[in-house]
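Please work through the exercises below with the sequence and the model open beside the text. Each task is followed by a solution in steps.

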Amino acid sequence: MARHQKNRIWALVPIKPFEAAKGRLREALPVTERRALAEAMARDVLAALRGASRVEGILLVSRGIEAKSLAEKFGAELWEEVEGADLNGALREGLEVLKTKGVDRALILPGDLPFITAQAVDALIDKAPKAALVASHDGDGTNALLLDLNAPFVPEFGPGSFFRHRAVLGEEAVAESKALAFDLDTATDLEASIARFSRLPEKGRTRAFIGDHLRLSEAAAHKLAERESLDALMTRAAEKRDRSFGDTLTYSRKVFIPLTQLCRDVCHYCTFAKTPRSLANPFLTVDECIAIAKEGAALGCEEALFTLGEKPELRYQAAREALQAMGFASTTDYLAHVARRVFEETGLLPHVNPGCMDESEIEKLRQVAPSMGLMLESASDRLCEKGMPHYGSPDKVPALRLATLERAGAAKVPFTSGILIGIGETRAERVDALLKLRDLHEAHGHLQEVIVQNFKPKPDTKMAGVPEPDLKELLWSIAMARLILPGDVSVQAPPNLSPGDLKQLVAAGINDWGGVSPLTPDHVNPEAPWPHLDDLARLSAEAGKALAGRLTVYPKYVKSSVVWTDPNFHKALLQKSDGEGLARHEGWTPGGEALPSLELPAISTTHRLTRSLERLSSGDELSEGEVAELFTARGSALADVVSAADALRQAQVGDTVTYVVNRNINYTNICSFGCTFCAFSKGKTNETLRGTPYDIGLAETTRRAEEAWARGATEVCLQGGIHPAYTGTTYLEICRAIKSALPQMHIHAFSALEVSQGAETLGLSVPAFLEQLKDAGLDTMPGTAAEVLDDRVRTRICPDKLTSDNWMSVIGAAHAAGINTTATIMFGHIDSYAHWARHLVLLRNLQEDSLAEGRGCFTEFVPLPFVHMEAPMYLKSGARKGPTFRETVLMHGIARLVLGKTFTNIQASWTKLGRGGVAQVLRAGVNDLGGTLMNESISRAAGSTHGQEMPPEAMEELIRACDRSPRQRTTLYGPVSDTRKKAGRNAPPLQEVQLERVDRKPLAGIAAAE
């Protein structure tokens, strides 16, 4: 629908650079949060203006890269103000720009209106035939000014601007608009916005920021606890939980190791603690602990939770004698020894709960346990008085426990704490405890999770007759914990203590079930069995969440393990985690022999990815952040991503699966580059890996091409290491030699790195060298050497290789020269979902540009899961074990959805996925299986077990077994002659390849490899 051509209205929006914005909030928010808040509000203002039907265009007055990005994102024009210019000067320039466009009226709005909506903007314009004026909520400033650009009035903003503007425009111009009047400048504004946002249906970025970052003051928290209904609290808590943790509910698969049940405290509700006469031995032996851990490891556990009483040697002679007999001075020393042995012999990650600790004890245990815990239980000293549950328990004094939590934060220990409800504390005291935990986390950032545990009366205790808190008390406490604690702190409730109420616990705001053991009981509550993991997954799904395993260290801390854990655990945390930092429980790895599996839920639920999938199906493009979020899909969301990708594949290419008969020729494995992921190259940085360096000559290269032609190939794919003696002439000679012998053979050759290096050695520009390669016979290029197009990753995995921009430039030049290429990503090593998303968006953008030029383009996208087994960075403990199978399926499916408008073909690498993996990704958007290869070297060198050739007969058998129709293709997806097909199906055995060393000069740089 055309915009208004008469009485044209544009919005004029001044936005400060985010780092300089919201200075009046300095006392309420740190600079990082002020910046995030300013960005959130700016995006909401621009989104509302873009959605307003009465606004024809937006002129953004700002400067810098962020301003350019905002303008591009929201379809605005940018007027770059001069650095240091004042607001009124910049606005006057903006108004002059609008006059030159023939704009009749300008709506001037600040970029910090948290409650703005498109409807409010349209309503203001409709009510104001000539001019409109909306005061800020303090009545002093101007928040919205609609003015006629043909009038002589020049607005001046600042303190008192509303009164100045009203004096000129008249009282009739004053308009009421609650959505436009509220701006967010002071701490009081922040507090007021919290309650207001809870009543609004809109889900803007500012509301998300308010929910995730803004802290309730002590007074506001107590007021909220007193006045809000339980339903309202739970709704707000669940919304805040969803913004931070999405649709995933986590748990830790662990074994419980009760190292000792002796304790110097006498809590009146506890049955875990025993006396020496009731125990066969004061402590479990090392062998007993290792035996429990080994059995748990065999069942897929990742964590060894050590439960024990507090410093029993300070009370019991039996404990002191037992420790002395084993050669230890304290329970802490023995715990450190056993935890180290368990980790070394079973691989389980220890989590220890030793009670109150001093600095030296924390430091000692940090070396053997990547996480620790101490329940605060209550911050009320009243509970330690005579007749109360903690009387006679010296370690339950709140100040001592808080001091331990403080020390753990200072020592950078990922920590667990929590409250125990129903032991005589008041609701106000629970709120106080949660506020103290929040203060500690804000000071140190170390609280991974806060447990809200409900008291259970037990026989033979002093509190056996005390009623347990009812469900409403538990739900109230969970909701308050979620609302008080920062958005990055997990809230947990043990599932075995509320077996019939799990869905309601989810509704109250939890995002974690805690430790669940397939082997050992809850030794603190032995009467409450753990739910079966299948039942927990089903109940979680019924509550609208997908169950996912985690490590004892939460994802945030896994990703920053260098800061938060001892070096002893860096390798284990990396190799036990996926790209999100959660646990990888599956046994499958790319290139391995284990059969992959992808469990899709029987229960279908709504999820937060629905909107993104709907937008993709409508042809909209997602931002990097939205694409990254797709990779978090689990449960129903995963099923929906896979289904959407398969539906788009069906619509684009039907049920045909293509493949090409080709041969890989890797002419040298000698390379002067030091890519840490590469298990193929042989050079000075990795001479200890694999076998003999080789560099085959033109005769052997041509012989292999001729043999491939005789076996039905229509393509040779040529790539190799960057030999220090190679020049651009080498690549030209390879093309000429093959084309001279086989004019009809398609040459698919040379990575962007090889092209760049070849051009440099000849003193040519990349476009000029590409023209020479075309003349020499190059037909298309593989899109390898892309790895992951994010330079933060590339500086770690291939520091001397092309930058992301360099790669894009070479591929763009190839397309401009009329040379088609493929596109690849190598993923699952040190990268994250954000990096994958950026890669896909860059490819999407480049393809759109290439198609607009009408020359060359990407013919297909090929995800390459990282094969870890022989990769140097994995062997040096610097990488994950490749992507999980869930991530691998998602990469293929999301690529189809994100690239689908401009990429027809999504290819699976059978050398990395195997037959079972191929069958699964064919149902997730894949329509091509690449080449038959004949001599695959690179995946095999990395440790893949899936063979070096899949001949046409085997390829078509695999495709038909997946209920799809095979079609042999050329490199450019054209038809193949019957003669070529017949040759491929009667192929003689391959001759043994000759791995010769050609005498090329100079060979400086590879002497060490020889």
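The model is predicted: local features need pLDDT of at least 70, side-chain atom pairs count only at pLDDT 80 or more, and totals for chains, interfaces and linings use all residues. Residues are numbered from 1 along each chain as its sequence is written, and side-chain values use heavy atoms, with hydrogens and water left out.

**Exercise 1. Determine the strand order of the open sheet of 6 strands and identify its edges.**

Step 1. Helices (H or I, at least four residues) and strands (E, at least two) are DSSP runs numbered from the N terminus, and two strands pair if DSSP finds at least two bridges between them. On this basis the order is 3-2-1-4-6-5, and the pairing is mixed.

Step 2. Strand 3 (77–80) and strand 5 (132–135) each have a single partner strand, so one side of each lacks a neighbour in the sheet.

Step 3. Ignoring direction, neighbouring strands of this sheet are turned by 20° against each other on average; axes are lines fitted to C-alpha atoms, for helices over the stretch in contact, and angles run from 0 to 180 degrees between N-to-C directions.

Step 4. Helix 3 (residues 87–100) packs on the sheet and touches strand 1 (9–14), strand 2 (57–62), strand 3 and strand 4, where contact means heavy atoms within 4.5 Å. The direction of helix 3 makes about 155° with that of strand 1.

Step 5. Helix 5 (residues 161–169) also packs on the sheet, touching strand 5 and strand 6, and its direction makes about 25° with that of strand 6.

**Exercise 2. Describe the surroundings of strand 5 and its pairing with strand 6.**

Step 1. The two strands pair in the antiparallel sense over 4 bridges, and valine 134 has alanine 144 of strand 6 as its bridge partner.

Step 2. The hairpin has 6 residues between the strands, and in it glycine 139 takes a positive phi near 80°.

Step 3. Both faces of strand 5 are covered: Ala132 and Val134 on one side, Leu133 and Ala135 on the other, are all buried (under 20% relative accessible area; exposed is over 50%, partly exposed in between; 1.4 Å probe, protein chains only).

**Exercise 3. Classify the ring pair of phenylalanine 827 and tryptophan 836.**

Step 1. Rings of Phe, Tyr and Trp (its six-membered ring) pair if their centres lie within 6.5 Å; planes under 30 degrees apart count as stacked, over 60 as edge-to-face and the rest as tilted. This rule gives 18 aromatic pairs.

Step 2. The centres of phenylalanine 827 and tryptophan 836 are 5.3 Å apart and the planes stand at 80°, so the pair is edge-to-face.

Step 3. Both residues, phenylalanine 827 and tryptophan 836, are buried, and ring pairs link Phe631, Phe827, Tyr833 and Trp836 into a cluster.
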